[in-house]
Amino acid sequence: MPSVTRRRLARAAVLTLVSACAWSGPASAAPPVTGPLAANPFLGPLGTATMHGDAGSSDVTPLAGPAPGAGVTVYPLGAACPTLLEGADGLVVGLCTAIAGQTPTVFLFDSAASGPVGGALASLPLTKGSLLGGVYAYLDNEDRLVVVDGGRRLLRVAHVRGDDGAWRLTATVQADLSGAIPQGDNVTGLVPDWSGNVWFATGHGVVGLVGRDGRIGTVALPSGELVANSISSAPNGGVAVASTHALYELRAKAGEPEILWRAAYDRGSARKPGQLSWGTGSTPTYFGPVRGDEYLAIVDNADDLVRLVVVRSGSGEQVCSLPVPVGGSENSPIGVGASIFVASTYGYPYPTVPEGAGPAVPASAPFGGGLSRVDLTAEGCVPVWDSRVRSAAVPRLSLADGGIHTLRRVGPDATTPLDGFDYVVLDPSTGAVRTSTPLPGTVAEDPLQMAALITRGGALWQGTVTGVVRIG
């Protein structure tokens, strides 16, 4: 028997054994989840200004989610909406990709989602790039969407209301990055640091920054290392980037990006089904009990059990590498205080993957789901509980209501077009489902592992493959 086949069979056996042994219903209550969130002064409101909530990509919000029994509204836009953000003015800005032509399009919504067409007050198409180019963006401290378009231009997209009462979106070019980013490459990650520099990372491994004075500096990662997820920043001046081979932390030095350290991780022998690249699916997560940036977390792509990898920010020193029974993950871990939550996307049926992602091994797999909590203690990383929830979106933890909010795929593990979805809230102390709300529709409203937005009004906005679902 070929060695690769033996490894796959062994991996499947270990996954089955761990899943059977680790999950036996909700665990006894663990310590409450709490911790600081770092507010970047160059971002919009904490919890709503980036896809993952904040500059550190914690996937934690200080806002409360929908009340039990909240109403559900579906807004068809003819576009997949991975990025939904809320500014200080209460308006929601979405960066979506049109189904027809895959054109990145900015949408503006009012807080009650009652615009003239599908809840949208205005829309603005951007220059098309790669599949993952134009997915990540953030709101700055003036409620402008900061994004790099397919023309390699750093844009700030503002929304203004005219004398006629109509809203309009206008784009201003902050910097032309065509001299810093090679033709055919596109920005996949974007974040400001605590000095106001705008950092970016490209699919082909260029990491750069645009200073407040307009100066552009770049550094190239080693040949063959790609960047398929977003990037994160911390109050300590660090900027974290995860390539398909290693985790990096950088800082700005005299207007240029400087690599502080590189920590290779186990990328496995191939891309897994339910992932969009061969390597980690994580946007690096800063977290910690004191400042919220003492540690960094990602999930690797090992052939056996994938591992939660935690390192110290500033040095890259490994704190732990703990196997978690999730099969594989395309999602950024939730991280706050001393707690980390990892969701499985292994086997999730993505309709397409980026060019150059490589074949999945195996080509497909059932989507069994799974969500695990791990706590960082004086002894290292300690498993707390494992849940069988089949999360179909990036989960979001609310410190205000003490729940983990996500959409759950409903149907057999062997996914079908007849599958449905419901909105669930989990108890972070036990992993048990607190509440469940059925959602209308089937795969036309697939959240496709995209991140939700919890607004200050207590609503949850979830992007889908065709538009937005609003709960509350």
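A disulfide here is a pair of cysteine sulfur atoms within 2.5 Å. This is a predicted model, in which local features need pLDDT of at least 70 and side-chain atom pairs count only at pLDDT 80 or more, while totals for chains, interfaces and linings use all residues. Residues are numbered from 1 along each chain as its sequence is written, and side-chain values use heavy atoms, with hydrogens and water left out.

Let's start with the cysteines. The structure holds 2 disulfides, and with the bonded cysteines numbered in sequence order the pairing is 1-2, 3-4. Cys81 and Cys96 have their sulfur atoms 2.2 Å apart. Cys81 sits in strand β3 and Cys96 in strand β4, so this pair ties together parts 15 residues apart in sequence. (Strands are DSSP runs of E, at least two residues long, numbered from the N terminus.) The torsion about their S-S bond is about 105°, so the link is right-handed. Both Cys81 and Cys96 are buried, where buried means under 20% relative accessible area, exposed means over 50% and partly exposed is in between, using a 1.4 Å probe and protein chains only.

The other disulfide joins Cys320 and Cys381, with sulfurs 1.9 Å apart. At -55° about the S-S bond, the link of Cys320 and Cys381 is left-handed. This pair links distant parts of the chain, Cys320 in β22 (residues 318-323) and Cys381 in β26 (residues 380-387), 61 residues apart. Cys320 counts as buried because its relative accessibility is 9%, and Cys381 does so at 13%.

Back to β3 for a moment: the loop between β3 (79-86) and β4 (92-98) carries Ala88. Ala88 has 58% relative accessibility, so it counts as exposed. Leaving out residues up to four places away in sequence, Ala88 touches Pro45, Asp143 and Arg456, contact meaning heavy atoms within 4.5 Å.

Now for β16 (residues 239-242), which has both faces covered: Val239 and Val241 on one side, Ala240 and Ala242 on the other, all buried. Strand β16 pairs antiparallel with β15 (residues 232-233) over 2 bridges; pairing takes at least two DSSP bridges. These two strands make a hairpin with 5 residues between them, and Gly237 in the turn has a positive phi of about 90°. On to β17 (residues 246-253), which pairs antiparallel with β16 over 4 bridges, with Ala242 opposite Leu247.

Finally, look at Asn301, in the loop between β20 (295-299) and β21 (307-312). What is the relative accessible area of Asn301? It is 0%, so Asn301 is buried. Its contacts beyond four places in sequence include Asp266, Trp278 and Val306.
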